[in-house]
Amino acid sequence: MSQVQHRILLVDDEPNLRKVLGALLKQLGFEVHAENDGAAALARVRAAPPGTFDVVITDLRMPNLDGMGLLKALQVHEPGLPVILLTAHGSIDSAVEAVKLGAFDYLEKPFDKDQIHQIVQKAITTRERSGPSIQPSPPPGEIADPCAAAGMVGRSPSMQAIREIVGTVAASPSTVLIAGESGTGKELVARALHLGSSRRSQPFIKVNCAAIPGGLVESELFGHERGAFTGAVSSRAGRFELADGGTLFLDEVSEIPKEIQVKLLRAIQESEFERVGGVKTLHVNVRLIAATNRNLEELIREGQFREDLYYRLNVVPIHLPALRERLEDLPFLVSHFVQRCNERLGKSVQGLTPAALAALERYPWPGNIRELENLMERMVLFASGPLVDEDDLPDAYAGEAGASAPSAAESSTRLSEPGDRQIRLPLSSLGQDLKEAVKAGSRLVEEALIREALAKTDGNVTRSARALGISRRSLQSKMKELGLRESPDEGGPKGPPPQPAS
């Protein structure tokens, strides 16, 4: 199966620039669509299903609707779609201001091929992993419940305690360290702290430290001057500069190389730093929030994290419980995600049956709330009725299976039945491709993927459903629609096994 190209929407009123930059992006392996002004680009995005474009690259100055206007409109229509600004040397300040308002990054003319590839790929990776790195701030004004505004859900005692901490410290400039397993919602707590502060109308800038190559961390945080290193074709502001007046959220702070931790400590303590290759000391007013899913005290003992930096970060510690430790919140989280998925996918699922909810309460949730959110999207997407029943859940979540759920690696690399040989399949690829086909309304692709799964499992419906990431009942329903038959050992009508699509 061929790899899907990432789609870039290129917007510029200069035909020559569209031609040259478009050709360069195609050479880098991207699928390029072009428009000559912001109004046409906005109309194209609105006419396409959400998620059609992975990145928008737009000139800052254009007739009809300029780059800044397009950025603001896209933030409303499709939040999370990365927007990269094209700018000439004389308008860099405007581009930096756009980044503070929510643009992902900016490219200065003339362009450097490696720099373009790096920024565009980073935008795509950031969106796929955790959404936009810079989120638009709400309008000024006090927010009654910043935790609710940030999307935090839960009424358990542990979550009530966290809400009290947020309410107490949000307005202060104190540094906060949020600890917890992956997928527990650390970014939402950071967002709530920002929304509850007087900085709420200023930038909220997120940096995933684990996603930045070690050699680029210093430049990413503090910026660099032109010529500071190979590939530094222009001066760039770092995340500390972009967060000036607002909040900087360092996610997975434990992954910052130890040699950079000294400079980070100084920047936190003195609110000043120098760009890479620069001599001018820059002063900023930034509220820092850090998060980690690792034990920093253990890393200190191993010599991987500076003790002085830890104490500077750990001024206000907040520990987020794992989902299995707050199962009383599960019904509220399920309802929240079902409602959100209904709105996004155009569905009308009412929720889960008591049996399905009870099955989820028996599951250990190694992926925490992020895993629950992904499961609810899958259930809403493939739901054939108003309620999701226990039989609709994937095998790993249904019945007693949750008590011995497979690891993430196992569930994504193999299928197995008791007494059967293991069948290795590209499970994640099949499931993701089917999901995209359903979203796009492509019945031909959907049928081809189902036929492929059935062919690779010798027509076994249970294993095929698991490979496709849907329930056995949903697959049987789709097979009936497509005129496909179950193999005899599944209890269905006899007949030749389905043939793979050519």
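## Sheet, cores and cysteines of a predicted model

In this predicted model, five strands form an open sheet in the order E2-E1-E3-E4-E5, and their pairing is parallel. At the edges stand strand E2 (31-35) and strand E5 (105-108); each has a single partner strand, so one side of each is left without a neighbour in the sheet. On average, and with direction ignored, neighbouring strands of this sheet are turned by 20° against each other.

Strand E1 (residues 7-11) runs parallel to E2 and is joined to E2 by five bridges. Within this part of the sheet, Val 11 is placed opposite Glu 35 in E2. Helix H1 (residues 15-27) lies across E1, E2, strand E3 (55-59) and strand E4 (83-87), and its direction makes an angle of about 165° with E2.

In soluble globular proteins, nonpolar side chains tend to be buried together. The largest nonpolar core here comprises 57 residues, and those with the most contacts inside it are Phe 240, Leu 248, Leu 250 and Ile 256. Leaving aside residues up to four places away in sequence, Phe 240 touches Leu 221, Phe 222, Leu 248, Leu 264, Ala 267, Phe 273, Val 284 and Val 286. A second, separate core has 27 residues, including Leu 323, Val 338, Tyr 363 and Met 379.

| Residue | Relative accessible area | Class |
|---|---|---|
| Cys 147 | 3% | buried |
| Cys 341 | 4% | buried |

Cys 147 counts as buried because its relative accessibility of 3% falls under the cut-off of 20%. A search of the whole structure finds zero disulfides.

Technical notes: Residues numbered from 1 in each chain as written. Predicted model: local features only at pLDDT ≥ 70, side-chain atom pairs only at ≥ 80, totals over all residues. Heavy atoms only, no water. Disulfide = S-S within 2.5 Å. Buried < 20%, exposed > 50% of the residue type's maximum accessible area, 1.4 Å probe, protein only. Core = buried A, V, L, I, M, F, W, Y, C linked by side-chain atoms within 4.5 Å. Contact = heavy atoms within 4.5 Å. Pairing = 2+ DSSP bridges. Helix = DSSP H or I, 4+ residues; strand = E, 2+ residues; numbered from the N terminus. Axes fitted to C-alpha atoms, helices over the stretch in contact; angles between N-to-C directions.
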